[in-house]
Structure formats: structure tokens, C-alpha cells
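Trainee: Could you take me through this model feature by feature, giving the general idea before the particular case?

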Amino acid sequence: MKSVDVVKRDGKRSTESFERAKLERSIRAAMRAVKAPEGQAEDTASAVCDVVMQWLDSRPEVTSADLRRQAVQALEPLHPEAAIIYKHYKVIM
């Protein structure tokens with residue numbers, strides 16, 4: 001996959017390169033927050049990342065908010081409770 005820049009919303013860094021591992025960790029964390037088994041968390045994170053990677057394929061740059069929306073959209077049918085946690089993580093924490 002080509003490099004995709006993520007425009008950050010916090011203003012501290014203008015952009016950073018997309019890292020699949022970082023997205024996987026955050027999806028797994030949302031799954032753990034709803035007490036999903038570790039195997040399910042791993043499988044779900046991988047599936048969500050596969051969908052997001054397809055979406056990223058035609059984009060050289062995305063916002064972190066767009067990336068989060070796409071991840072939530074991919075996670076929702078797999079685990080709705082985890083999708084809510086992931087979607088509102090910054091608000092909850």
C-alpha cells in the first residue's frame with residue numbers, strides 16, 4: 001500500500017503517516033472495553049483494518065475524523081457496543 005497522510009485534529013502535528021498497527025490497537029482496546037474475548041478482539045480489529053485499508057487505497061490524505069468514521073462504520077456490524085466506545089473514545093476518556 002502506498003503511504004497515506006492523516007491530518008490530525010489536535011493541531012500538535014499537522015500530519016502523520018497512517019499506521020495499520022495503531023488502528024488495530026485502538027480497535028482491540030475498544031473491544032476489550034466491552035469485555036470481548038481476546039480472539040474476537042484480534043479478529044475484529046483485523047477485519048476492520050482490512051475494510052479501512054480498502055477505503056484508504058485511493059486516497060493520498062485523510063483526516064483523523066474521516067478515518068475514525070470509516071473504522072466505526074466497519075466495526076458497527078461486527079460489534080455495535082465496541083463501535084460506540086470507539087466512536088466516542090475522546091469524549092468518554
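Mentor: In E2, Thr15 is the bridge partner of Val7. Residues are numbered from 1 along each chain as its sequence is written, and side-chain values use heavy atoms, with hydrogens and water left out. This is a predicted model, where local features need pLDDT of at least 70 and side-chain atom pairs count only at pLDDT 80 or more, while totals for chains, interfaces and linings use all residues.

Trainee: In which sense do strands E1 and E2 pair, and over how many bridges?

Mentor: Two strands pair if DSSP finds at least two bridges between them, the strands (E, at least two residues) and helices (H or I, at least four) being DSSP runs numbered from the N terminus. Here E1 (residues 5–7) and E2 pair in the antiparallel sense over 3 bridges.

Trainee: What is the order of the strands in the sheet?

Mentor: The 3 strands form an open sheet in the order E2-E1-E3, with mixed pairing. Strand E2 (15–17) and strand E3 (61–63) stand at the edges, each with a single partner strand, so one side of each has no neighbour in the sheet.

Trainee: Is Arg28 buried or exposed?

Mentor: Buried means under 20% relative accessible area, exposed over 50%, and partly exposed in between (1.4 Å probe, protein chains only). Arg28, which lies in helix H1 (residues 20–33), is buried because its relative accessible area is 16%.

Trainee: Which residues does Arg28 touch?

Mentor: Contact means heavy atoms within 4.5 Å; leaving out residues up to four places away in sequence, Arg28 touches Glu38, Ala41, Glu42 and Ala45.
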